[in-house]
Each structure stands twice: as structure tokens, then as C-alpha cells.
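I opened the notebook to record what I looked up in this model. The entries follow in the order I made them.

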Amino acid sequence: MRREQSNIELLQQLNEMVAGHEEAKKALIVMLGRSILRTHQKYTKYMDNENLISPLKILLVGPSGHGKTYLIECLQRLSMFPIVKLDATHLNPVGAGGGVKPADIVKEIEETATWHAQNFPQLFKSVYEAIERTVVFVDELDKLGNSFDGGSATWNKHVQATFLTLFDNKEQLAGVSFVFAGAFTDITKKEVKKNSIGFNKQEDTKAEEKFLDERVISTGLIPELVGRINTIVELEHFTEEQMYTILKERIIPKKARDLAAYGIFDRLLEDSVLRDIAKRASTSGQGVRHLSREVDKLYLDAEFDSDDDIKLLESFAW
């Protein structure tokens, strides 16, 4: 039940995979720590439910293409916790095209936990423990707000209520952690006054946190759902320098491996070109996705001209 990495070690490993977003990383790591501590309390110390540490529910608010999903995926690879991924845009209220029932999500959680318990017995002593360690990741939560699609606002509120039902399932899901994510493009980060110092600065920070709750609710999320989320973290936009680092250390090496499959090894981009791409991406609003699109475009002709190699490979197909 003991985690091999300390919080600091896990943060360092995560930093090697994902740039920036330190507050979000720390919140997610604390979430995992709580999950491990809870299972230890429950199955080793046999503490009663009232005294168990509570699991966390986290909301990641951040621009598209800045790694919200990638962040949780990298953390899962490092820690091997069971994860159930849901896309809020695919959830319909009961009665709308069949709809999604809380029981369906509970079943998926149980099936995922069972698979992990069977395949990683060194990490999970039972299916019940695996359920306690499960994280439900819900992407595109902002799309359930009425500011995104006023025509379906009532239905979207019903879908949001589905999560309240899951939160209240103390029998099967009391230890399950939830991570929600969304771009929430209609709300922007409010700057804390630069001249604030001492207690005034602390007061401004508290006001900012409260204002973030209000901004999230203003997009159409029901207060009951937002109120049940323990931690809301607003991810920062990647800077031009961060974009350049991601491009040089991740996007380009991946593209080089792709090109090597065609036998192309000599098509390197000059550093000035990478700088220009990073500059445009930092203001595009699409984040890392913009980097990938520009690189793909630059290498389009090289891949297109490799048609003869593809035909040769196809001749060996069976």
C-alpha cells in the first residue's frame, strides 16, 4: 500500500513529462496521497467511515491545448491508479437518446477497478481497495454550462446532477476521487493587484479564489456541483519560452521518429523557425495543438513525397 515515490519525487518526475502547472500538479499529487492514506486507514487500521480522510474532487480550469488531460494521463502512468475517463459532451440526461444513468458509471468504475486488482495484485489487495483508489476524470465540463449551449441548458443541468448522485453514493464510491477539467473560455484570470503586500495581498488572493468559484458558476454550472468540488485550480497559459521548450524537447523528437519510419533523417528545422512557431503558438489560444499542427504542415511535402516507400511496403501486405 506504500507509494514508492515521495510527493517531491513524484512532482520531479511529473515535471520531466509536463511543463508548468505546478499548483495543479501539487493538487493532483495530494489527491493521490489522500487516496493511499484512506485505504491504509480503512483496510489496515480498520477505522470507521466517519474518521476516514475524505477523497478530493478537483476542477482544472485552463485553456485548450495546455495539457489538462495530458497531465492526468502522465500522473496515471507514474502511479498506476485505476482511472475512468468520461467526456461531458457525450453524456445525455436520462430520457435523451437513452441517457446516462449513475449505475452505468458505477459499473464502469467497478469493471476498471476489477481489471487493475487482477493485473496488479502487488498494488491492490482487493477489488474494494482498487475502487477506493480509482480516479474518475471528466473532461469538457464547461460544455455542460448554459453559456455554451443555451438551448440545452435544462438537460445539461440534469447531467450535472448525475455527478451529485455519484458523490452521494457512500456505499460503493465513498473513496473515489474526481477530477474535472474544462477550458471555460468565457472566463479569464483576474490579476491580483501588483502593489498589494502583507495582509492586503492575502485578502486579494482570497477574493481571487472566491471570484474563480463565481466565474465558474456564471458559465452555467450549478452551484451544488461547484460547491462539492474541494479544489479549483486555474492553469496558466504557456509562455513563449515554455512553448519553445515543449516544441524542441517533445514535439520535434516525436516528429523525427515519425519521419524515420519513412527513412527520412535529414530534415531538421532551424532554431529560428522553432522560435517563430513558439511565438505564434503562445498567442494562438490553441496551446500545444498549434505546435503540432505547424510542424505537421512543414513536413507535409516530405511525407507526401515518400509515396514510393508506402507502395513498396504495401506490396508486402497480406
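Entry: I looked up the side chains of Glu-294 and Arg-280 and found them joined by a salt bridge, 2.7 Å from N to O. The model is predicted. Glu-294 belongs to helix 11 and Arg-280 to helix 10, so this pair ties together parts that lie 14 residues apart in sequence. Glu-294 has a relative accessible area of 16% and counts as buried, because the cut-off for buried is under 20%. Arg-280, with 40%, is partly exposed.

**Entry: a network.** I noted that salt bridges with shared partners join Glu-241, Lys-248, Asp-271 and Arg-275 into one network. Within it I looked at Arg-275 and Glu-241, whose side chains meet in a salt bridge of 3.0 Å, N to O. This pair links distant parts of the chain, with Arg-275 in helix 10 (residues 271–282) and Glu-241 in helix 9, 34 residues apart. Arg-275 is partly exposed at 33% relative accessibility. Glu-241 is also partly exposed, at 44%.

**Entry: one further pair and the count.** I found a salt bridge between the side chains of Glu-140 and Lys-143, at 2.9 Å from N to O. Glu-140 is partly exposed, with a relative accessible area of 25%. The count of salt bridges comes to 16.

**Entry: strand 4.** Is strand 4 mostly covered or mostly open? I found it mostly covered, since six of its six residues, 177–182, are buried. I listed the two faces separately. On one side Ser-177, Val-179 and Ala-181 are buried, and on the other Phe-178, Phe-180 and Gly-182 are buried.

Next I looked up the strands that pair with strand 4. Strand 1 (residues 57–61) runs parallel to strand 4 and is joined to it by five bridges. Val-61 has Gly-182 as its bridge partner in strand 4. Strand 3 (residues 135–139) also runs parallel to strand 4, with four bridges between them. There Phe-137 stands opposite Val-179.

**Entry: the largest pocket.** I looked up the largest pocket and found about 520 Å³ of space in it. It is lined by 24 residues, and those closest to its centre are Gly-65, His-66, Gly-67, Tyr-70 and Val-288. Helix 3 (68–79), helix 9 (240–260) and helix 11 (288–298) are the elements that each give two or more residues to the lining. Helix 3 has the largest share, four residues. I sorted the lining by type and got nine nonpolar, seven polar and eight charged residues.

Methods: Residues are numbered from 1 along each chain as its sequence is written. This is a predicted model: local features need pLDDT of at least 70, side-chain atom pairs count only at pLDDT 80 or more; totals for chains, interfaces and linings use all residues. Side-chain values use heavy atoms; hydrogens and water are left out. On a 1 Å grid over the protein atoms alone, a cavity is a set of points where a 1.4 Å probe fits but cannot get out, and a pocket is an open set with protein on both sides within 12 Å along at least five of seven lines; lining residues have an atom within 4 Å of a point. Grid points are joined across faces, edges and corners, and a volume is the space filled by probe spheres set on the points. Ala, Val, Leu, Ile, Met, Phe, Trp, Tyr, Cys and Pro count as nonpolar, Asp, Glu, Lys and Arg as charged, and the others, Gly among them, as polar. Buried means under 20% relative accessible area, exposed over 50%, partly exposed in between (1.4 Å probe, protein chains only). Two strands pair if DSSP finds at least two bridges between them. A salt bridge is a side-chain nitrogen of Lys or Arg within 4 Å of a carboxyl oxygen of Asp or Glu.
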